[in-house]
Structure formats: structure tokens, C-alpha cells
Amino acid sequence: MIEDLTKNHTLLGLKNSELTGLLGPPDIEQDLNIGYYLEVDYGSDIDPVSTKTLSFSLNSDSTVKHYRIEEWNK
């Protein structure tokens, strides 16, 4: 899914409202950054041990200026 999204859709320059229309409400919202969880591994606990997130940085006019896949491991 992520490969199709990044190869077949123009994400740069989309308005935040267009992006959320395409992907739904984001899982993470912080200032001019939003993110969608792709994977969350909880291991054997209630706290995540790793995550993979599709993150977007927005301009002050709420258009996508950059996106990336971020991975975090405990």
C-alpha cells in the first residue's frame, strides 16, 4: 500500500484537507507535522517496542512540503 501511495499519487503540494480525505484522520498531529502509523509492535507489553510511521511536514499554508517513513525501535 505505501509503495502504491508514494509512486502513484502526488503527495507534495496537497492541502492537509486533501491528504486527510485520501488517508483519513492522522494518528499523530504536532504543530505542522502529521503522521500515520504503518506498523506498531507491542512485543509482550502494553508499550510499543517499535513503530513505522508515514510522516508529513506541512508549510504554514497547510500544504505538504515533505514526507518520509520513520522507524523507531526501543
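E3 is exposed, with a relative accessible area of 51%. Here exposed means over 50% relative accessible area, buried under 20%, and partly exposed in between (1.4 Å probe, protein chains only). This is a predicted model: local features need pLDDT of at least 70, side-chain atom pairs count only at pLDDT 80 or more, and totals for chains, interfaces and linings use all residues. Residues are numbered from 1 along each chain as its sequence is written, and side-chain values use heavy atoms, with hydrogens and water left out.

**Overall fold**

- The protein chain holds two helices and four strands. Both kinds of element are DSSP runs numbered from the N terminus: helices are H or I with at least four residues, strands are E with at least two.
- Read from the N terminus, the order is α-α-β-β-β-β.
- The C-alpha trace spans about 40 × 25 × 20 Å along its principal axes.
- The chain has 74 residues, and 26% of them count as buried.
- Of the contacts with a separation of 6 or more, 31% join residues 24 or more positions apart. Contact means heavy atoms within 4.5 Å.

**Surface and charge**

- The chain carries 6 positive and 13 negative charges, and their mean positions are 6 Å apart. Lys and Arg count as positive, Asp and Glu as negative; His and the chain ends are not counted. Each charge is placed at NZ of Lys, CZ of Arg, CG of Asp or CD of Glu.

- Rings of Phe, Tyr and Trp (its six-membered ring) pair if their centres lie within 6.5 Å; planes under 30 degrees apart are stacked, over 60 edge-to-face, and the rest tilted.
- Y36 and F56 pair edge-to-face, at 6.2 Å centre to centre and 85 degrees between the planes. Y36 sits in strand β2 (residues 33-41) and F56 in strand β3 (residues 50-58), so the pair links parts of the chain 20 residues apart.
- Y36 and F56 are both buried.
- F56 also pairs with Y67 in a tilted arrangement, at 5.9 Å and 40 degrees. Y67 belongs to strand β4 (residues 64-73), 11 residues from F56 in strand β3.
- F56 has a relative accessible area of 0%. Y67 is partly exposed at 25%.

**T51 in strand β3**

- T51 lies in strand β3. T51 is buried, at 15% relative accessibility.
- Leaving out residues up to four places away in sequence, T51 touches E39, V40, E70, E71 and W72.

**Salt bridges**

- The structure holds two salt bridges. Each is a side-chain nitrogen of Lys or Arg within 4 Å of a carboxyl oxygen of Asp or Glu.
- E3 and K7 form one of them, at 3.3 Å from N to O. Both residues lie in helix α1 (residues 2-8), four residues apart, about one turn of the helix.
- K7 is exposed at 61%.
- E70 bridges to R68, with the closest N and O atoms 2.8 Å apart. E70 is partly exposed at 35%. R68 is partly exposed at 29%.
- E70 is also among the residues that T51 touches.
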